[in-house]
Amino acid sequence: MKKNILSIHAHPDDAEILAGGTLAQLAAAGHNITIVTMTPGDCGTAEYSPEEIARIRRAEAARSAARIGAAYRCAEFRDLSIYNDDASRRRVVEILRQTAPDLVLTASPVDYMCDHETTSQLVRDACFGAPAPNYLTGAANAAAPLTAIPHVYFMDAIGGVDRDGRAIEPDFFVNVTAQMEIKTAMLAEHASQRAWLLKHHGIDDYLVNMQTWTRANGHRAGVEYAEGFRRYRGHPYPQTELLEELVGAGVVRLSLGS
Ligand SMILES: [Zn+2]
């Protein structure tokens with residue numbers, strides 16, 4: 001049974017870094033994938049105007065998504081300007097209704113910067129509102145309410161730690177060793193970011209940092225490369241293990257005390 005899967009994170013490249021291997025695996029299994037970024041990454045530059053870098057980064061994100069046959073769209077918020085307010089929640093609900101996901105992968109509720117944390121809250125709350133018929137988005141040709149709240153999973157925080165540097169433990173890992181080539185190719189499509197970090201840091205660490213982090217997760221999971229996920233446990237969100245079922249043999253669970 002093919003599922004609609006929505007990845008919705010703050011900026012172009014977050015999904016690739018944190019869940020690119022898992023999304024590639026789900027796409028290869030035939031599921032419909034949509035990758036949404038809340039912003040077009042309009043502050044991710046020191047040389048282009050906001051409009052110029054937004055245009056560049058939307059195109060990069062679309063090319064990355066296309067590598068796994070996924071659709072891409074931008075929710076058109078702006079960097080450092082994502083707020084969990086009424087208008088923003090209705091905008092995210094409309095995206096949920098248009099994509100009708102069974103499964104939503106989103107940002108960690110605790111992360112290193114505000115856009116990630118607010119995205120997590122907005123998506124969580126929009127999933128609650130999306131099935132409610134009386135919750136109107138005000139969009140032209142508004143899509144129908146969802147038939148149910150989708151399954152919600154959080155990706156890892158960047159670096160796997162909270163704001164105090166403490167590790168955030170995932171519920172389980174997905175072994176993405178076989179997807180590292182495509183995950184790296186997806187991230188490499190974000191050429192503007194690679195160039196920016198190269199200019200700033202003097203070393204080409206954009207892809208290497210992602211690989212190092214994914215390998216460190218793999219080490220914790222006992223495989224070469226892995227990505228971690230947590231299921232949102234709030235009432236009345238679905239609590240069956242949909243992501244684990246779809247990934248199947250790729251799931252690695254750590255037993256307590258290991
Ligand atoms: Zn980000």
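Me: In what order do the eight strands form the open sheet, and what is the pairing?

Reply: In this predicted model, the order across the open sheet is β3-β2-β1-β4-β5-β7-β6-β8, and the pairing is mixed. The edge strands are β3 (71-74) and β8 (251-252), each of which pairs on one side only.

Me: How do you know that strand β1 and strand β2 pair?

Reply: Two strands pair if there are at least two bridges between them, and β1 (residues 4-9) and β2 (residues 32-37) pair in the parallel sense over six bridges. Within this pairing, Ile8 stands opposite Val36 in β2.

Me: Which residues are the protein donors of the zinc ion, and why is the arrangement of the four donor atoms called irregular?

Reply: The donors are His11 through ND1, Asp14 through OD, listed for two of the atoms, and His116 through NE2, lying 2.0 to 2.5 Å from the zinc ion. A tetrahedral arrangement would need all angles between 85 and 135 degrees, whereas the angles subtended here run from 56 to 144°, which makes the arrangement irregular. Along the sequence, the donor residues follow the spacing H-x2-D-x101-H. Asp14 lies in helix α1 (residues 14-28) and His116 in helix α4, so this pair ties together parts that are 102 residues apart in sequence.

Me: What makes Asp14 and His116 count as buried or exposed?

Reply: The cut-off for buried is under 20% relative accessible area. Asp14, at 4%, therefore counts as buried, and His116, at 0%, is buried as well.

Me: Why is Gln179 called buried, and which residues does Gln179 touch?

Reply: Gln179 has a relative accessible area of 15%, which is to be set against the limit of under 20%, and Gln179 is therefore buried. Gln179 is found in the loop between β6 (172-175) and α5 (180-188), and, not counting residues up to four places away in sequence, Gln179 touches Gly21, Ala24 and Gln25.

Me: How many aromatic pairs does a search of the whole structure find, and what makes the pair of Phe128 and Tyr237 tilted?

Reply: The search finds five aromatic pairs. Phe128 lies in helix α4 (residues 114-129) and Tyr237 in the loop between β7 (226-231) and α8 (242-247), so the pair ties together parts that are 109 residues apart in sequence. Phe128 counts as partly exposed at 46% relative accessibility, whereas Tyr237, at 6%, counts as buried.

Me: Why is the pair of Phe154 and Tyr232 called edge-to-face?

Reply: The ring centres of Phe154 and Tyr232 are 5.7 Å apart and the planes are at 65°, so the pair is edge-to-face, the cut-off for that label being over 60 degrees. Phe154 lies in strand β5 (residues 151-155) and Tyr232 in the loop between β7 and α8, so the pair ties together parts that are 78 residues apart in sequence. Phe128, Phe154, Tyr232 and Tyr237 form one aromatic cluster.

Me: What makes the charged end of Arg90 count as sitting over the ring of Tyr135?

Reply: The distance criterion is within 6 Å of the ring centre, together with a limit of 35 degrees from the ring normal; the charged end of Arg90 sits over the ring of Tyr135 at 4.4 Å from its centre. Arg91 lies over the face of Phe77, at 4.0 Å from the ring centre.

Technical notes
Residues are numbered from 1 along each chain as its sequence is written. This is a predicted model: local features need pLDDT of at least 70, side-chain atom pairs count only at pLDDT 80 or more; totals for chains, interfaces and linings use all residues. Side-chain values use heavy atoms; hydrogens and water are left out. Rings of Phe, Tyr and Trp (its six-membered ring) pair if their centres lie within 6.5 Å; planes under 30 degrees apart count as stacked, over 60 as edge-to-face and the rest as tilted. Helices (H or I, at least four residues) and strands (E, at least two) are DSSP runs, numbered from the N terminus. Buried means under 20% relative accessible area, exposed over 50%, partly exposed in between (1.4 Å probe, protein chains only). Donors are N, O and S atoms within 2.8 Å of the metal (3.2 Å for Na, K and Ca); water is not among the atoms, so sites may look incomplete. Four donors count as tetrahedral if all angles lie between 85 and 135 degrees; four count as square planar and six as octahedral if opposite donors are over 155 degrees apart and all others between 65 and 115; anything else is irregular. Contact means heavy atoms within 4.5 Å.
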